[in-house]
Amino acid sequence: MREVSSKRRLVPAIVAAAAIVSLVVAAIMVVEQALPAAPSPRDEDPRVQGSAHVKCAENEPLAQELLSGSVWTMCWRVDASRGLVLEDVHFTPAGADPVLVLAELSIGQLEVPYDTGLRNTEDITTQGFGGSHIMTLTEPECLGERLETYVPKIGDGAMGGGGQDRAVLCQEVVDGGIAYRSGDTTGTEVARRTDLRLSTISKVGWYEYVSQYTFGGDGSIRSDLGATGDLSPEDYGDDPAHGWPVGPGDTDYATSHSHNAVWRVHWALGGRGGQVVEQYDAAPTGEVGPRAPLVEGGLTRIPREGTAQAADRRWWRVVNPEVLNADQHPISYQIELGATTPFQLTQDHEHTGGADGGDSDGGYAVAFTEADDCQLYATANKDGSCGAGVLDFAQDEAELSDVVTWVAVGFHHVARDEDQSPMEMHWQGFTLTPRDLTAQRVDPPSAREDVNGRPADTR
Ligand SMILES: [Cu+2]
């Protein structure tokens, strides 16, 4: 884009010159445009796949073009424990080559401890979001396409018991609202956006959970867990410190509890391996400038496995330093938690602290571990030989390259009268946002195609 900008600055001179000169210059420019662009490091990198034709082990690949002209492509399957598992997730920005973003994305645990201390469940490892718990979808649950896959009746089907093809995945294109609006003296640029939304419903006890992944036309990935169904009929008391009265008057205190969700995000940005993790922090320096307080921010590399806490103005990113966008910036994705309820997984109590930046009680907002196909669950990991959970996985502080991020997002549920009945859906989740994946927004309107950096007329 820098080359394009410098040509633009030539335009007034060309207009002012003699007609024959401008014709010659224009001819040169046409020839230049017809030549293939010099290959960028991204084009040369063999790990960036030349097309998003993914091969999937179980189901046909999903592919969806959005209003921005960008395309998402990926594989999907249903795991007996984790439910919906998305694999080989590619984003193709409008007019550009596909970029592999994630090797895999799924939930890694959902525990629901009750505030009285009398009950706790680990829904993913004891019941599971797949198998008989994943619901067949009907029209009210899915206005888009309902996709079938084989679902065993018992566990993963290894013990027999049969199964059947059922429509369990919803693929929808949803309105994402206003993508941008920007008016100036030459006019107003405005566009809406559409997003690809994939969802499943899993019934676990009295709760019914919606696993929802929203792939934005802008390259963003939003993971959400929605909870509906009904309050557990067994979990009522009379202590206001542990519940909220949902019956008439001072009766029927539904016990408060937490929905502690941890997602497992296995990165493959620009190809598997070679991923670098960084934490960004910014803080006021204490100095005050002529108009405002000074704030300083910057990146710190997280070279090894460990955990990290949320803090004001803090975020993390996973970078592939070998793959550059057209601005010569390394491509990356940012992990954004928004405001969430912090928690400590019940099974992590025995641990004394995180390996890197975690607080003393073992809780974390995000954890980074080196990928291991045996390390699938944040707690109660089924194959104990490689550790019981995230804190075990991170304990040897291995160097990070093939990175898995564990994202912990809690929801402390204090019931209210409106939760009966059925309960209105409540949501918790996080967003992965592209940072410098492309040199500009993926779909600039033609009038803004040359805006990349400080506008030339203000320099
Ligand atoms: Cu709840």
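This is a predicted model: local features need pLDDT of at least 70, side-chain atom pairs count only at pLDDT 80 or more; totals for chains, interfaces and linings use all residues.

1. The average pLDDT for the protein is 87, and 86% of the residues reach at least 70.

2. On the overall build, the protein has 22 strands and 5 helices. Of its 459 residues, 47% are buried. If you take the contacts with a separation of 6 or more, 63% of them link residues 24 or more positions apart. The accessible surface is about 22,300 Å², and carbon and sulfur atoms account for 51% of that.

3. Now the metal. The copper ion has four ligands in the model: Tyr207 through OH, His257 and His259 through NE2, and His413 through ND1, at 2.0 to 2.1 Å. Angles among the 4 donor atoms run from 93 to 127°, and the site is tetrahedral. Along the chain, the donors are spaced as Y-x49-H-x1-H-x153-H. Both His257 and His259 are buried.

4. Which residues have the most contacts inside the largest nonpolar core? They are Trp72, Leu86, Phe215 and Trp267, in a core of 68 residues. Strand E4, residues 99-113, is the biggest contributor, giving 7 residues. A separate, second core has 12 residues, including Val262, Leu345, Val390 and Trp406. As background, nonpolar side chains in soluble globular proteins tend to be buried together.

5. Leaving out residues up to four places away in sequence, Phe215 touches Leu66, Trp72, Met74, Leu86 and Val89, among others. Its partners also include Asp195, Leu196, Leu198, Ser220 and Ile221.

6. Last, have a look at Leu376. This residue sits in the loop between strand E20 (366-370) and helix H5 (390-394). Is Leu376 buried or exposed? Its relative accessible area is 19%, so Leu376 counts as buried, the cut-off being under 20%. Beyond its neighbours within four places in sequence, Leu376 is in contact with Arg82, Gly108, Arg264, Asn381 and Trp406. Take Gly108: 268 residues separate it from Leu376 in sequence, yet the C-alpha to C-alpha distance is 6.3 Å. Trp406, another of those contacts, is also one of the residues in the second core.

Technical notes
Residues are numbered from 1 along each chain as its sequence is written. Side-chain values use heavy atoms; hydrogens and water are left out. Helices (H or I, at least four residues) and strands (E, at least two) are DSSP runs, numbered from the N terminus. Buried means under 20% relative accessible area, exposed over 50%, partly exposed in between (1.4 Å probe, protein chains only). Contact means heavy atoms within 4.5 Å. A nonpolar core is a set of buried Ala, Val, Leu, Ile, Met, Phe, Trp, Tyr and Cys residues joined through side-chain atoms within 4.5 Å. pLDDT is the predictor's confidence in each residue, from 0 to 100. Accessible areas come from the Shrake-Rupley method with a 1.4 Å probe; for residues, only the protein chains shown count as cover. Donors are N, O and S atoms within 2.8 Å of the metal (3.2 Å for Na, K and Ca); water is not among the atoms, so sites may look incomplete. Four donors count as tetrahedral if all angles lie between 85 and 135 degrees; four count as square planar and six as octahedral if opposite donors are over 155 degrees apart and all others between 65 and 115; anything else is irregular.
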